[in-house]
Amino acid sequence: DENQKTSSPAFLMLEEIVQYVFNTKKIQKIEFFGKVMDWHTKWIDKNDTRTMFHINCYRFNFIQLAHKALSSLKNIKQK
């Protein structure tokens, strides 16, 4: 049932993987990138989240200009 998001096969597999990783104690920390989702907060304390920033650095100015132009086109297309 697609409405049961907390018991989807993908979510259940992820939960098993996370349990296995922590039970074997080979890895102490798993990080998820992107905005905090409801299912993230079921496994962690909300205070354990942190903000991450993405920065682009360009060697040549024309590459930055091309990236900005492409981003603008994508934004126009999505509207």
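Modeller: By definition, a salt bridge places a side-chain nitrogen of Lys or Arg within 4 Å of a carboxyl oxygen of Asp or Glu. The model is predicted, so local features need pLDDT of at least 70 and side-chain atom pairs pLDDT 80 or more, while totals for chains, interfaces and linings use all residues. Residues are numbered from 1 along each chain as its sequence is written, and side-chain values use heavy atoms, without hydrogens or water.

Colleague: With which residue does glutamate 31 form a salt bridge?

Modeller: The structure holds 1 salt bridge. In this pair the closest N and O atoms are 2.3 Å apart. The partner of glutamate 31 is arginine 50.

Colleague: How many residues apart are glutamate 31 and arginine 50, and where do they lie?

Modeller: Glutamate 31 belongs to the loop between H1 and H2, and arginine 50 to the loop between H2 and helix H3 (61–78); helices are DSSP runs of H or I with at least four residues, numbered from the N terminus. The pair thus links distant parts of the chain, and the separation is 19 residues.

Colleague: Which residue other than glycine has a positive phi, near 60°?

Modeller: Most residues other than glycine have a negative phi. The residue in question sits in the loop between H1 and H2. The positive value belongs to lysine 25.

Colleague: Is isoleucine 27 in a helix or in a loop, and what is its relative accessible area?

Modeller: Isoleucine 27 is found in a loop, the one between helix H1 (9–24) and helix H2 (38–41). Isoleucine 27 is classed as partly exposed because its relative accessible area is 42%.

Colleague: What distance separates the C-alpha atoms of leucine 14 and phenylalanine 53?

Modeller: Leucine 14 is placed in helix H1 and is partly exposed, with a relative accessible area of 25%. Along the chain, leucine 14 and phenylalanine 53 are 39 residues apart. Their C-alpha atoms are separated by 25 Å.

Conventions
Helices (H or I, at least four residues) and strands (E, at least two) are DSSP runs, numbered from the N terminus. Buried means under 20% relative accessible area, exposed over 50%, partly exposed in between (1.4 Å probe, protein chains only).
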